[in-house]
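This briefing concerns a ligand site and a strand arrangement. Please consult the sequence and the structure shown here alongside the points that follow.

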Amino acid sequence: MDNILSPDEWTALMLSLKVSTIAVGASLPLGVWVAALLARSNMPGLWIVNAIVHLPLILPPVVTGYALLLTFGRRGFIGQYLDQYLGFTFAFQWTGAALAAAVMSFPLMVRAIRLAIEAVDPKLEHAASTLGASRIEVFFTVTLPLILPGVIAGMILAFAKAMGEFGATITFVSNIPGRTQTLPSAIYSFLQVPGAELQAARLAGISVVVAVGALVISEFVARRVAKRIGGA
Amino acid sequence: MDNILSPDEWTALMLSLKVSTIAVGASLPLGVWVAALLARSNMPGLWIVNAIVHLPLILPPVVTGYALLLTFGRRGFIGQYLDQYLGFTFAFQWTGAALAAAVMSFPLMVRAIRLAIEAVDPKLEHAASTLGASRIEVFFTVTLPLILPGVIAGMILAFAKAMGEFGATITFVSNIPGRTQTLPSAIYSFLQVPGAELQAARLAGISVVVAVGALVISEFVARRVAKRIGGA
Amino acid sequence: DPVIFAAASLKTALDEIATDFTAESGVKPLISYDGSGALAKQILADAPADMFISAATDWMDQVEKAEYILPGTREDFLGNTLVLISDKADPVEIADLPEKLGSEHIAMGLLDSVPAGQYGKAALTHLGLWDKIEPQVAQAQNVRAALALVASGEAPYGIVYKTDAAAEPKVHVVATFPEGSYPAITYPIALLKAGPDAEGAKAFYDYLTTPKATALLEQQGFEILKK
Amino acid sequence: MLEVSLRHDFGSFSVDVDFTAPKGVTALFGASGAGKTTVVNAVAGLFRPAQGRITAEGVTLFDTDKHINLPPRKRRVGYVFQEPRLFPHMSVRSNLLYGARFAPRDATGPDFDAVIGMLGIGALLDRRPGALSGGEKSRVSLGRALLSKPRMLLMDEPLAALDAPRREEILPFLESLRDAGMPVLLVSHSIAEVARLASTVVLLSKGRVIASGPTGEILSDPALAPRFGAGEAGAIITAHTAGRDADGLIRLETAGGPVWVTDAPEAAHLRLRIQASDVILSREAPAGLSALNVLTGTIRRIEEEADGRAFVQIAIGDEAILSRVTLRSVRALGLAPGVACHAIVKSVAVSRDDLAEI
Amino acid sequence: MLEVSLRHDFGSFSVDVDFTAPKGVTALFGASGAGKTTVVNAVAGLFRPAQGRITAEGVTLFDTDKHINLPPRKRRVGYVFQEPRLFPHMSVRSNLLYGARFAPRDATGPDFDAVIGMLGIGALLDRRPGALSGGEKSRVSLGRALLSKPRMLLMDEPLAALDAPRREEILPFLESLRDAGMPVLLVSHSIAEVARLASTVVLLSKGRVIASGPTGEILSDPALAPRFGAGEAGAIITAHTAGRDADGLIRLETAGGPVWVTDAPEAAHLRLRIQASDVILSREAPAGLSALNVLTGTIRRIEEEADGRAFVQIAIGDEAILSRVTLRSVRALGLAPGVACHAIVKSVAVSRDDLAEI
Ligand SMILES: Nc1ncnc2c1ncn2[C@@H]1O[C@H](COP(=O)(O)OP(=O)(O)OP(=O)(O)O)[C@@H](O)[C@H]1O
Ligand SMILES: Nc1ncnc2c1ncn2[C@@H]1O[C@H](COP(=O)(O)OP(=O)(O)OP(=O)(O)O)[C@@H](O)[C@H]1O
Ligand code: MOO
Ligand SMILES: [Mg+2]
Ligand SMILES: [Mg+2]
C-alpha cells in the first residue's frame, strides 16, 4: 500500500475509516431510538423530529457544514459552551469530521431502521409482554434482534455515506492534510487541479474498494442474520 | 411568493421541483426492479449490482458528476450515441440535472424498497402462486401493495436527496439560471459571495419548507396505507 | 507544523514548493485547499490557520476587517491572466465570440462567487459582448469544472486562468483577454494570528519568495507581483 | 376467582360480557366469531375495552371507573395464543425459557423437563420456530406459557392443532395444574375437553353471554345441546371411587348403582360424564349383555326432538342422567315420566375424558 | 388418481413417502410432525423434494428423473393452508375472488354465493383479514381455495379452528364437491371427519407411510387403533337404503340385519361406520331395550388389550364389525372365536358423520 499511497493519502484513508466508523457507531444508539420513536410513537409533534432528521438530506451539504460551523464552531452557540466548560471543540478536528459525517448520514440510518421496526409484527411484542417483559425488555429481546438486518442495512448505508461525505465536512473542519483531510476531501482537492484526474481516480478507487468491501461483508452478515430469523 | 423570491430564484425553485419529481418518478420502476432483484434473487454476480447502486453514495458527488459527464456528455461513451442517433443530449439541460439527481438518490430509494421487500412474508406469495398467479402477477397483486409504505419511504428519501443534490448536478450540467440552476446551486452561489448569507438562508428555508411538506404528506399517505394493510 | 489555507488553483505549484521546503527546513506545511470563499469563512470561524493565500482580494478584505491578519503581513503575491480556451487549436478573435458560439455554451466559473467567473464577466462587459453572451454562459462550480466542460467537448469555449489552461493538455488557449478589460487578478497573501505554528508559517511565507519557489510559480503561468 | 365485565363496540361487532368464574378451569365456549378471543385478550391486557372491570384472585387488573389498567406483564398470565406467535429469532429452548427470566424470584411453575416430556418437544429444543410443523409450533407455544410461571393460564384453543393421542398426553398435565390450584381460562371447541377440564362453562354468542354455570348443568341442558354440536350432550353425575377389582376394572359408586371403568383419576370423588347417545334404556333389568353398567332410576322428563329423537332425563337420586333415543323406542318401551327404568352404559364408553376430580 | 412418491432429508427429519390415492378424498393422517404438511406442500409445488415423482389425474406435476417441476400456478390446486395466509391488504371479498381471475376461462367451480353462505362469511366481505377472528380467517381461507376453480383440493386441517355446528354445515358441502368428482387431499386429526369424507387413508408416522388403503380397512384394523386415539376405532360395513318408516326413521339393510338411523345421505348404497365403543354384545337376542339395531354374526377374532379391554371382531357376512368391551365381559359372556353373538347399536349412536355414500 505504501507505494500506492503517499503518506498524506494513507493518513487520509485511515482518517476516513476512523471518522466513518465512529460516526456510525456513535450515532447508532440515537438512530435506533429516533427510528423507534418515529415508527411507534403517536406523539403529536413527531413530524418536527422527522423533518429535522431529514434536513441534512434536503439541504446542500455545504449549508449543513456551514450550519455546523455556526453551531459547533468555537464561537458557535453550542460550541462556545463546549469549549468553555469542557475544553472540547469539534471545529477543525477529526471529531468534527465525524460529527459532520454522522449528521449527514443520520437520515439514511434512521430510515432504514425505521422501516425494519415497522415491519415487526406487534403481536410478537404483545406475546413478550404477556410473558412478563417490560417495554424496554421487549425492545431488547424481541424488537431489536428482529430488526437486526435493518440495523445493519442502516449502518452500511450510513457508513457508505460517511465514506463519501465531503461537502459538510470540508466546510466544517476544512481540509488540513493529516488532520482533517478525509479521502473525499483529498479527492476533491485533486479534482480542483487540472490534470490531477488520475490521482483523484486512484483515491476514488480506494474509497470504492473499502466501501464495497464493507458492503459485501454487511450483506453477508445481514443474510445470515435474516436466515436465522427466517428459520432453518 | 413573488416578493419573497426574485424571478430567477422562483425559476430555480420550480426547476428543482421538476427535476426532483421527474428524477424520482423516472427511476422508481428501475428502483423497484433492482430492489426486488437484490432482495430475492440468488444470482451470483449480484453483489456487483449492489456495489454499483451504492457508488454514488460512496463517492464524493463531484466524482459522480464527472463520471456522468464522461459517460453521458456529448462526447461521453454513451452520450455520443444518444446525440448521434436520437439527437438527445443531457448536457446543459434540465434533463441532465434530473439524471444527476436520479443517480445520486438511487441508492436511497433502492435500499428502502429492498428492506420493505425483505419484510414481505414469502408465504403470502406462495399462497398467491397456488391460486394461479404467475410471478409477475404475484408481484403486482401481493408484493407491491404490501411494500407500498416502503416504496413511499424510498420515494421521499429520494425526493429529499434530489432537492438537496448539487455537487453532481453542477459538475454535470453546470449552473445556467433558468435552465439548470436548481435551488441548491443558487444557495451555493450565495454562500460563496461575501455577505450573502441571508439570501442563502432564505433559499435554504424555502427548500426545507418544500421538502418537509413533501415529507409530511408522504408520512400521512404511508400511515394510511400501512393501516389498511394492518387491518381494521 | 504550520497550517496554510490556499486557493485551490494553487495546488499543483504549492504542493511542489512545500515538498522542497520540507526537504530543506524539516517543517511540513499542512495546506488546505478550497475555494477562497470557503476558506475565508472558516478563518472567520476561528479556523486554526497560520497563513492564507486567497485568489481574490475581497475575501482577504473580509478577513482583514475582522482582524485575523497579523498586521503588516498582507501583500499582493501573485497575478494571473484571463484566457479564452477551446478544445480546438484555432485562434479566435474575442469579438467574434458570439458568432462562433452560436447556440452553444461557454464555460465559466460561477459568476457571483468564483473569481475567474467574476473577472470573465467584467472582461466581456468591458468588451461589450456580455449581453449577447450571457444566456449562453454555463457556470461551473470552480475553474476546474469549467475546464472539464471544455475538455470533454460539452462546451466549445471557456474562460479560465492561464495557469489552469496550462495544466490541461486537452484544451488550447485561443485568445487572451486584453489587459485592462478586467480588474487585475491578484492573489493576496497574509499571515494569520490564530495558527498553531507562527514560526514555521513565517519561514514558509519567506520561502515562497525565494527564486526557486517563484520559478516554479512562473512555470505554472503565474505572474509574481511581490518581489 | 375471575370476574369479567366488559363492553366494547367494534362497529360491526360489539361485546357485552359479564361473568364470574369461581375457581379452577373456566371454559369459554361459542361459535367462531362469538368473541372468545376478544374476552381473553381483555383479560391478558392486550385489548382495552371501552368500559369494564376485570379482577382475578382479588387483584383488579382493569377498571375503567377507577382508571386501572395493569400492563400485560404485571398481570402475569400465561397466554397460549390462538396462533402460535413464537419468537422467530430464538431457538425453541429460548422461546420456552423466555418467560421464566421475568418471573418474580418466588414464583413457581412446572418443571422444564416435565413440560418438555409431556409435550414431546425434547428433540426440537435447538431448532428455530420457522422449521417446525403446525402442531409442533402450538406445543412449543403451550410450553412457553406454562414455563413462564404465571398466576393464571389463558388458553385459546391450545390443543386444536394436535392429534388425539398427543392431546391425551397433555390433558392429564393440565388437570394436574388445575388441581394444584392454577386458575385457567380455556377456549375450546371440544366438548370432551371442556367436560374433562372445566368446572365452569361460559357460553358466548355474538358477543353476549347466553349461559354460564357449572359444567354439568350447562352440558346437560337439552336446550343448549345444539350449540355443542350433534350428540355431544350428556349429563354429569357424582361418583365415588370404591376400589379396583381383580381384573383391573375400577369400581365407582353412584346413586344409581355401581359403574365400572377402565381408567380413572386417583381421587375419592369424581364427576362422571355420560354422553346421552351412549345410554341405552330398558324397562327390565338386562341380562347377558357385555355392558356392565346398569343404573336404575325413574324417568323425570322426556323432551321430543323434531327429527324423530328424544332426550329422556332419568332421575338417579338427586342427580339425573340424559339418554338420547328414537321416538320409536320411547313408544315401544312405553317410556313416560314416572316410569322406572334401567340405563345401560358400556364401561368402555366412559373414557378417561369423561372423568374429572371434583 | 394421485400418485405420490418422494424422498427428502431435512437433516433432523427425513421423508420417504409412496402412496397412490385412487379417487375421491384421500386423508393424510398422522401425529403432529409426521410429515403431512410436507407432503401436501410437495403436491402443491411449494416444497421441492430432493427426489420423487408426483402425478395427479394423469398429469405429471413433478418428476426428478424427467426434470419436470410444474410451478404451483400451473398445478391449479386449491390449497387450504394450515394457517390462514390471507392477503392482509385485500378485503375479504378480494381475497375470496383472488384465484378466480387467474383460472382458465373454461374452469368451473362452486358458486360464490353458495360458498359465502355455507361458510357464514357474508357479513365479513368488506372487512380486512386483520380484524377477523381465528375461525373467521380459516373459513375465508377455505373459501378462497374453493373459489379458485381448482382441479384438485389440498386441505391441511381446514376445520380445526371451527366449532362443531359450523363444521357440520361445511362437511356436506365438501361431500358434494367430492361427489362431483373433485379430488381432495385432506389432512385431518379428526377420525369422524376422515371417516365421513375419505375413501382412502394414508397413515404417516415419522415421515414414512405405515399404512394406506380404503378407509374402512384402515379404521377397523385393531393394530392401528392406538394411532387414532382412544375409542375412535371402528369398522365400516356396507348398507343399502331400504326406505323411510312412518315415524321418520330410515331403514338400512346390512348383512347382519336391519339398522335404523335418524339421518342419512340420499343414496342407495352407503358406508356405515360403527364405532367399537358403541357396540354392546349379547349372546341371547336382547329384548326390551331402547336400542333398535341388533346385528347378528359370529366372533372371528378377539384382541386383548393391556388395560383390561379387548377388541372383538364379529364377522357379518363378508364384512366385520368391531366391538370394544372389557375382558370381564368377555369372560362373563363366554365370548370366543366361533361363538354366535348379537351386536347392539343405538340408532342415535350412528350419526350423520358415520354415513357416507359409496
Ligand atoms: N426446513 C425444515 N428443516 C428441518 N425440519 C423440518 C423442516 N421443515 C419441516 N421439518 C420437520 O419435518 C417434520 C414434519 O413437518 P410437517 O410440517 O410436515 O408435519 P405435519 O405432519 O404437518 O405436522 P402437524 O400436524 O404438526 O402440522 C416436523 O418434525 C418438522 O419439524
Ligand atoms: N378490530 C376489530 N374490528 C372489527 N371487528 C373485530 C375486530 N376484532 C375482532 N372483531 C370481530 O369480533 C368478533 C369476535 O372476534 P373473536 O376473535 O373474539 O372471536 P372468537 O370467538 O375468538 O372466534 P374464533 O373461534 O373464530 O377464534 C369477530 O366477528 C371479529 O370479526
Ligand atoms: O478560489 Mo478559486 O482558485 O477561484 O477556486
Ligand atoms: Mg378466537
Ligand atoms: Mg402440518
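In this predicted model, an oxygen atom of ligand 2 lies 2.8 Å from a backbone N or O atom of D:G35. The ligand is placed between chains D and E. Taken alone, ligand 2 exposes 640 Å², of which the protein buries 87%.

**Polar contacts of ligand 2**
- A polar side-chain atom of D:T38 is 2.5 Å from an oxygen atom of ligand 2.
- For D:A34, a polar backbone atom is found 3.2 Å from an oxygen atom of the ligand.

**The shell around ligand 2**
- The ligand is surrounded by 19 residues, and the closest are D:T37, D:T38, E:R127, E:G135 and E:E136.
- By class, the shell residues comprise five nonpolar, 10 polar and four charged.
- Two helices, α1 (36-44) of chain D and α5 (134-146) of chain E, each contribute at least two residues to this shell.

**The five-stranded sheet of chain E**
- Chain E contains an open sheet of five strands with antiparallel pairing, in the order β14-β13-β12-β15-β21.
- The edge positions belong to β14 (257-261) and β21 (355-357) of chain E; each has a single partner strand, so one side of each lacks a neighbour in the sheet.
- From one strand to the next, the twist averages 40°.

**The pairing of β15 and β21**
- Strand β15 (residues 269-275) of chain E pairs with β21(E) in the antiparallel sense over three bridges.
- E:L270 has E:E357 of β21(E) as its bridge partner.

Methods: Residues numbered from 1 in each chain as written. Chains lettered and ligands numbered in written order. Predicted model: local features only at pLDDT ≥ 70, side-chain atom pairs only at ≥ 80, totals over all residues. Heavy atoms only, no water. Near = heavy atom within 4 Å. Polar contact = N/O pair within 3.5 Å; in protein donor to acceptor, adjacent residues only side chain to side chain. Areas by Shrake-Rupley, 256 points an atom, 1.4 Å probe, with all protein chains shown as cover. Helix = DSSP H or I, 4+ residues; strand = E, 2+ residues; numbered from the N terminus. Nonpolar A, V, L, I, M, F, W, Y, C, P; charged D, E, K, R; others polar. Pairing = 2+ DSSP bridges. Axes fitted to C-alpha atoms, helices over the stretch in contact; angles between N-to-C directions.
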